[in-house]
Amino acid sequence: MAEHELERTKLIQGYLAVLATLAMWACFSLVSRLGGKSALTFYDIIALRLGTASAILLPFVLLLSGAQVGNVIRDGRLWLLAILGNLIYCLFVYHGFKFAPAAHGAILLSGLQPFLISSIIWLIDKRRPNRIRGIGLFFIAVGITCTAMPYFSDGSAESLLGDGLILIASISWAIYSVLAARWGYPAWTLTCAVALFSAALYLPVYLLWLPKQLSTVPFATILIQCFFQGVVATILAMLAYIKAVSILGPERPAAILALVPIVTGFVAVPLLDEALTVWLLLGLLFVSFGSFVASRYGSAPVRR
């Protein structure tokens with residue numbers, strides 16, 4: 001009985017972490033698209049994200065002993081995760097949001113994750129999804145196909161470019177998710193390492209060579225991007241996501257987070273004045289239904 005209660009408590013914690021991540025990821029697409037529509041370059045947004053997160057996290061790292069810091073710095077796997085989960089991801093996703101609508105980004109970032117993660121796990125472990133989860137993945141595929149239908153009639157080259165860039169970011173995130181779950185780093189260690197290592201690699205290059213437009217936008221725009229990208233997306237969402245993956249494995253959270261598109265799609269209509277076409281609405285509904293089925297019957301065990 002005690003073991004059953006422990007598992008139930010763990011499950012509750014895992015799903016609460018997923019729900020928190022879902023809310024923050026939905027906001028991520030909206031705020032990122034807002035930044036993409038501004039005069040800020042995508043290089044600026046990455047710098048604001050990494051600079052803010054580093055300023056918050058660095059004092060905590062300085063409290064650690066030199067030996068602890070040295071062990072983390074020498075861990076090549078953490079550097080790889082930083083490159084996959086922050087550098088490559090950010091470079092492509094923020095560039096993509098310069099061209100793609102928020103709903104498209106949400107579908108490609110969250111709606112596609114169950115496919116990508118299941119595919120990566122199959123390639124690594126040769127473990128296929130069960131039949132009912134496969135049905136959920138099928139409905140997600142139908143939803144993504146519906147979303148792509150306008151490209152056959154009036155889709156723009158810019159929007160297609162944006163979707164392609166975001167797709168690359170989504171693949172990078174899926175690889176990061178699987179590796180982070182397999183290697184099992186504590187959430188706080190991984191969050192600090194991913195943010196600080198990425199900042200160490202990126203910020204010097206940005207300051208010395210990359211184009212900047214910070215002086216051309218209102219200070220409020222910079223504050224919004226600093227707070228959301230640097231605090232919410234980089235620290236809070238990362239901690240919640242890693243917590244969920246550590247308990248539920250990478251597949252179930254990915255399926256639940258496929259609900260992000262429907263939240264983003266509906267909010268983007270009044271907030272960003274984006275069109276909610278019939279195809280997009282069908283895509284959002286199919287992706288959301290498929291994510292529910294895939295999550296409800298996910299095969300990943302609870303991590304203890």
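Here are a few friendly notes on the core, the aromatic pairs and the salt bridges of this predicted model.

1. A word on the ground rules. Local features need pLDDT of at least 70 and side-chain atom pairs count only at pLDDT 80 or more, while totals for chains, interfaces and linings use all residues. Residues are numbered from 1 along each chain as its sequence is written, and side-chain values use heavy atoms, with hydrogens and water left out.

2. The largest nonpolar core has 80 residues, and Phe28, Tyr176 and Leu190 touch the most other members. Helix α10 (residues 219-248) contributes the most to this core, with 14 residues. Apart from it lies another core, of seven residues, including Leu57 and Cys192. A nonpolar core here is a set of buried Ala, Val, Leu, Ile, Met, Phe, Trp, Tyr and Cys residues joined through side-chain atoms within 4.5 Å. Buried means under 20% relative accessible area, exposed over 50%, and partly exposed in between (1.4 Å probe, protein chains only). Helices (H or I, at least four residues) and strands (E, at least two) are DSSP runs, numbered from the N terminus.

3. Tyr176 deserves a look in the viewer. Leaving aside neighbours within four places in sequence, Tyr176 is in contact with Leu81, Leu84, Gly85, Leu190, Val194, Met238 and Ile242 (contact means heavy atoms within 4.5 Å).

4. The structure holds 15 aromatic pairs. Rings of Phe, Tyr and Trp (its six-membered ring) pair if their centres lie within 6.5 Å; planes under 30 degrees apart count as stacked, over 60 as edge-to-face and the rest as tilted. Phe42 and Tyr43 make a tilted pair, 4.1 Å centre to centre with 35 degrees between the planes. Trp173 and Tyr241 are also tilted, at 5.4 Å and 50 degrees. Trp173 lies in helix α8 (residues 157-183) and Tyr241 in helix α10, so this pair ties together parts that are 68 residues apart in sequence.

5. In one, the closest N and O atoms of Glu274 and Arg33 are 3.7 Å apart. Glu274 lies in the loop between α12 (260-272) and α13 (278-296) and Arg33 in helix α1 (residues 2-36), so the pair ties together parts 241 residues apart in sequence. Arg182 and Asp125 meet at 2.9 Å, N to O.

Note on methods: Salt bridge = Lys/Arg side-chain N within 4 Å of Asp/Glu carboxyl O.
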